[in-house]
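Visitor: I would like to learn how to read a structure like this one. Where do we begin?

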Amino acid sequence: MRVTGKNSGRYSGLRVIKEALTGHRGWKPAWRDPEPQKEYDIIIVGGGGHGLATAHYLASKFNITSVAVIEKGWIGGGNVGRNTTIIRSNYLLDGNEPFYEFSLKLWEGLEQDVNYNAMVSQRGILNLIHTDGQRDAYRRRGNAMLLNGADAELLSAEQVRAECPFLNFDNNRFPIKGGLAQRRGGTVRHDAVAWGYARSADSFGVDIIQNCEATGFRIKNGKCSGVETSKGFIGAKKVGVAVAGNSGKVMSMAGMRLPIESHVLQAFVSEGLKPIIPGVVTFGAGHFYVSQSDKGGLVFGGDIDGYNSYAQRGNLPVVEDVCEGGMALMPMIGRARLLRMWGGIMDMSMDGSPIIDKTGIEGLYFNGGWCYGGFKATPGSGWVFAHLLANDEPHQTATELRFDRFQRGYMIDEKGSGAQPNLH
Amino acid sequence: MIIHHPLLGPRDSAEFTYLGDANLIDRPDWQDKKAADKFYEYQYLRNNPAGEHQELWYHEAGDRSWLVVTRNTVTHEITKVELARDVARARGRSK
């Protein structure tokens, strides 16, 4: 049973005041630092957002607490700490939209669920429209969203102008003709997501084992019985792998080839500015998206670099391309200075959509292929993966997110660009 | 990244478009009994190594040649560049 915040106590406003008055001597580490046991019911490989969320939901919704999360570095040090923090559920296809809407609903209750302030801010996301054809496409997408219980709102150019007067509306090549808004979209404090899930999972008795790299799987007669790690062998009835970015590398230790390539995506933050951008804005004529953090920095990004990479850093042509997109959309950005930039490694799948499925090896389960949409999926991915691990059946929102869809010809290809990962 | 084109010398990678794993040269035989499975593997599955990787680059803004580039995916260091034509012929392809 759960003892809320067993280690660190329950967080609340009152607690903050109490601690402030007593010299902050009552705060304790938010999770334990245990040595691995010999065996668990379930081992999650990967202590990122998805792995920790999986552990949290396994314990809280499926009553499985003999769980370890093993992480090669420190938790939250991978892609959950390297993304642009956007949440949304504005997908078109039936295989995707119910899942992402499920995830967005979980974001809305996340902080109460895990008793942690993740600064979930539903400041809205706005996809800009530049041509009549694009308006038709966004109208269709908005309708698909509404049919799946999400919110969507088609805006005229005047409505967009009222909300974002700083955009370059009368650009000769890319005039802004409207937008598709999802008001429930927004941003979240990404590190706090990892920490909140970790603290909650720990309070249920889940062991979070850091600096513990998976070095192999123990597989005999097509059955996985545990994970070889840098801290020795750990046995498990089931092993779930949630290491997006490194999926190709990790699953190759189980002898699997995946419909996935690893690519680098760069992200950028400007110096801190006064509040100017109300929500998340995406450019429809190029690939550029921007929001403003609570500290004032403009957080933005664009295309992936486009070649296989595990390097967590990109090259300059894409930096130039992203900044050109920004200048075309909102010329005022040219006055801001770039503060920092970095790269994260994406699992780019063959149709641009994720995979949450069993593998051909009994007891080995896979969660990956998130392309550059993994952050928004964190709660949904965790719940759905926990569901699969607990019940051996896919969750109702993830019945299409399977390995065999490529072989059967049931791709979930939002962009329709085919088996070319760097185009998704 | 600078790609040392075998004919044109050092060129900026921005002149190229990237296709992927150089195994895409080895298109399966469509008359093979297991052609459906082989085409599935050819089209969709990747080795995706962290380390040395052979890959196809197309010199779109240049001489339109296909190259096989051997590059390290961890450091981005390029160690070898060949014309894809030569690589394909060396693997027994006639055209």
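Guide: Begin with the radius of gyration. It is taken over C-alpha atoms, and the globule rule is 2.2 Å times the number of residues to the power 0.38. One caution: this is a predicted model.

Visitor: What radius of gyration does chain A have?

Guide: Chain A has 22 Å. With 424 residues, a compact globule would have a radius near 22 Å, so the value agrees with the rule. Along its principal axes, the C-alpha trace of chain A spans about 65 × 60 × 40 Å.

Visitor: How many helices and strands does chain A have?

Guide: Chain A has 10 helices and 18 strands. Now look at contacts along the sequence. Take those in chain A with a separation of 6 or more: residues 24 or more positions apart account for 74% of them.

Visitor: What share of the residues of chain A counts as buried?

Guide: Of the 424 residues, 58% count as buried. The accessible surface of chain A comes to about 17200 Å². Carbon and sulfur atoms hold 51% of that area.

Visitor: Next, cysteines. What is a disulfide?

Guide: A disulfide is a covalent bond between the sulfur atoms of two cysteines. A search of the whole structure finds 0 disulfides over all chains. Take Cys224(A): its nearest cysteine sulfur is that of Cys212(A), 14 Å away.

Visitor: Is Cys224(A) buried or exposed?

Guide: Cys224(A) has a relative accessible area of 0%, so it is buried. The cut-off for buried is under 20%. Cys371(A) has 9% relative accessibility, so Cys371(A) also counts as buried.

Visitor: How do I read a helix?

Guide: An α-helix has 3.6 residues a turn, so residues three or four places apart point the same way. Now take helix H1 (residues 35–44) of chain B. Its buried residues are Ala35(B), Tyr40(B), Tyr42(B) and Tyr44(B).

Visitor: Which elements do the buried residues of H1(B) pack against?

Guide: They pack against strand E12 (260–272) and helix H10 (405–408) of chain A.

Note on methods: Residues are numbered from 1 along each chain as its sequence is written. Chains are lettered from A and ligands numbered from 1 in the order in which they are written. This is a predicted model: local features need pLDDT of at least 70, side-chain atom pairs count only at pLDDT 80 or more; totals for chains, interfaces and linings use all residues. Side-chain values use heavy atoms; hydrogens and water are left out. Helices (H or I, at least four residues) and strands (E, at least two) are DSSP runs, numbered from the N terminus. Buried means under 20% relative accessible area, exposed over 50%, partly exposed in between (1.4 Å probe, protein chains only). Contact means heavy atoms within 4.5 Å. Accessible areas come from the Shrake-Rupley method with a 1.4 Å probe; for residues, only the protein chains shown count as cover. A disulfide is a pair of cysteine sulfur atoms within 2.5 Å.
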